[in-house]
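Visitor: I have a structure to go through with you. Can we take it in questions and answers?

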Amino acid sequence: MSKIRLGIIGCGGMSRAHAGDFHHLSDHMEITATCDIVPERARNVAELTGAKLAVTDYKELLDHVDAVLVVLPHDLHFEVGMTCLTAGKHVLMEKPICNTEEQCIELIRKSEEVGKVLMTAYPVRFWPIVMKLKELIDSKAYGECFQMSIWTEQFTRYFDGHWALSAERLGGGQFFSHGCHYVDLLLWFMGRPVRGTHLGTNFGTPWMEKEGTSNVTIEFENGALGYHFGTWGARGTRLGWSLHAHCTEGMLEINLADKKLYAHTHIKEEKANLDTESRTKVIYEADASGKFTHHELEHFLDCIRHGKHPISDGPTSLQGLRVIWRLYEAERNNTVADLRGLGLEDDWKSVRA
Ligand SMILES: NC(=O)c1ccc[n+]([C@@H]2O[C@H](COP(=O)([O-])OP(=O)(O)OC[C@H]3O[C@@H](n4cnc5c(N)ncnc54)[C@H](O)[C@@H]3O)[C@@H](O)[C@H]2O)c1
C-alpha cells in the first residue's frame, strides 16, 4: 500500500514534539503539508518534516492529505475536526477531543457517517512500558490491583495572552487539559468508575484562570481506587512522572525518570518497614525517554489501513471527559460525584459490535 499522506494542522509546541518522532514511521507515511496561522511556524515544521506545502488556512491542505493530525487550541478542535471529516480525511485529534459533550458526540457521529477514523492522541496508552504494565495487571501477575496512583509534577507556565490561560479556550483547567490523559488511563486499567472527587486550586499557579493543581480520587466497580495528582506549578520534584499500582501480591512501579518498570515483592508482612525487606526487580526498561508519539501514530495508521477502531476512539475519549465534567460539577456543588452510567455501552453499542 502506498504511504499515507498526513497533514499537520497547528505547528506550535506539541506539533514540534510530534515532528521529532515521525522518522520512525517514514516507511508508512509522509508529511505532505503543514498549517499554522503563523506562516513561519508552518514553514518551520514543514522543514523539519520534509512537507512540500506550508499554508495558513487548513482548508488549503485538504486536497493534499489522506489524514490530519490536529494540534490546535482546544476550542478549535471541533470546527476543524468536522471540516476534515466532512472532506473525507481521517483525524488524529490531540487531546481533549472537544470542549463540550455535544461537540464530542457530533464529531463521533460524523466520523461514523463518513466511515473515517477518529482517534484521540493519548500517547501514554501506547508507551511500551505502560502496555507492559497493562498486560501484568490484566493477567493478575501480581494479584488484583486495589490502588493505582499517578503523579505528574510539571512546571507549565504560559506567557500572557496564550490561549491555554483562558478556561473557556482550554475547556477547564489543568485537570481537563492534562488530567484527561490520566482519567483515560485509570478507566482503561481499572474499569467502570462508581464515584469520585476532584479538588483543584490555582494557588501556586496564579497564571491559570482555573486550577493548575488537581487531586482526583475515583472508586471503581470492584472496590479498587485510582488517584491522580497533577500540577503545573512544581518548582521541584522527586516523583516527576510516576505510577504505582498496589496489587495483592506486589507493587508495580513506573518511574519515567529512570525509564523502568519495577516489581516490588516479598515483603515480610509482620514487619512495618516495607522497603528493607522487599525485593525489587526491573521488569521492563525503556531505551529512551520522550513523549514517544510515534506509537500512537502507528496505531492510527494501522486503523486507517485495516479499517479498525482505535483503542482511544471517540466514544472512549468521551467517557473520560464525562468523568471529568461530573467531577467538576460535584466539586462546585460540594458533593461526591456519581460516576455510574456514563452511557458508553448504551450510546455506542452499534459502533463497537
Ligand atoms: N499529548 C501531550 O503530551 C500534549 C502536550 C502538549 C499539548 N498537547 C495538545 O496539543 C494541542 C496544541 O497544544 P500546543 O501546546 O502545541 O499549543 P501551541 O499554542 O503551542 O500551538 C498551537 C498552534 O496552533 C496555531 N493556531 C491557532 N489557531 C490556528 C488556526 N485557526 N489554524 C492553524 N493554526 C492555528 C497557533 O499559531 C500555534 O502555533 C492541544 O490540544 C494540547 O492539549 C498535547
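Guide: Domain bounds here come from an automatic or database domain assignment. The model itself is predicted.

Visitor: Into which domains is the protein chain divided?
Guide: The assignment gives two stretches of the chain. They are domain 1 (1-116) and domain 2 (122-353).

Visitor: How far apart do the C-alpha centres of domain 1 and domain 2 lie?
Guide: The domains touch: the contact takes 25 residues from domain 1 and 28 residues from domain 2. Their C-alpha centres lie apart by 25 Å.

Visitor: Which element gives the largest share of the side of domain 1 that touches domain 2?
Guide: By class, that side of domain 1 has 13 nonpolar, seven polar and five charged residues. The elements giving two or more residues to it are α1, β5 (90-94) and α4 (101-114). The largest share is six residues, and it comes from α4.

Visitor: Why does the ligand shell lie between the domains?
Guide: Look at which domains supply the shell. Residues come from both, so the shell lies between domain 1 (1-116) and domain 2 (122-353).

Visitor: Which residues around the ligand are the closest?
Guide: The ligand is surrounded by 24 residues. By class, its shell has 13 nonpolar, six polar and five charged residues. The closest are Gly10, Gly12, Gly13, Met14 and Glu94.

Visitor: How are α4 and α11 oriented to each other: roughly parallel or roughly antiparallel?
Guide: The axes of α4 and α11 come within 10 Å and cross at roughly 175°. Angles over 145 degrees count as roughly antiparallel. That makes α4, relative to α11, roughly antiparallel.

Visitor: Which residues of α11 does α4 meet?
Guide: The contact of α4 with α11 divides into seven nonpolar, two polar and two charged residues. From α4 come Glu101, Cys104, Leu107, Ile108 and Ser111. In α11 they meet Gly314, Pro315, Leu318, Leu321, Arg322 and Trp325.

Visitor: What about α3 and α4: roughly parallel or roughly antiparallel?
Guide: The axes of helix α3 (residues 77-86) and α4 come within 9 Å. They cross at roughly 10°. Angles under 35 degrees count as roughly parallel. That makes α3, relative to α4, roughly parallel.

Visitor: Which residues of α4 make the contact with α3?
Guide: The residues of this contact of α3 with α4 divide into five nonpolar, four polar and one charged. On the α3 side are Phe78, Gly81, Met82, Leu85 and Thr86. On the α4 side are Gln103, Leu107, Lys110, Ser111 and Val114.

Visitor: At what angle do helix α8 and helix α11 cross?
Guide: Helix α8 covers residues 179-190, and helix α11 covers residues 314-333. Helix α8 passes α11 in a right-handed crossing. Their axes come within 9 Å and cross at roughly 110°.

Visitor: And are α8 and α11 roughly perpendicular or roughly parallel?
Guide: Angles from 65 to 115 degrees count as roughly perpendicular. The crossing is at roughly 110°. Therefore α8 and α11 are roughly perpendicular.

Visitor: Where does Pro96 of the cis peptide bond lie?
Guide: The cis peptide bond joins Lys95 and Pro96, with omega about -20°. Pro96 lies in the loop between β5 and α4.

Visitor: What phi does Lys140 have?
Guide: Lys140 is found in the loop between α5 (128-138) and β7 (145-153). It is not a glycine, but its phi is positive, at about 55°.

Definitions and conventions
Residues numbered from 1 in each chain as written. Predicted model: local features only at pLDDT ≥ 70, side-chain atom pairs only at ≥ 80, totals over all residues. Near = placed C-beta within 6 Å. Nonpolar A, V, L, I, M, F, W, Y, C, P; charged D, E, K, R; others polar. Contact = placed C-beta atoms within 7 Å. Helix = DSSP H or I, 4+ residues; strand = E, 2+ residues; numbered from the N terminus. Axes fitted to C-alpha atoms, helices over the stretch in contact; angles between N-to-C directions. Left-handed = near helix turned anticlockwise from the far one by under 90°.
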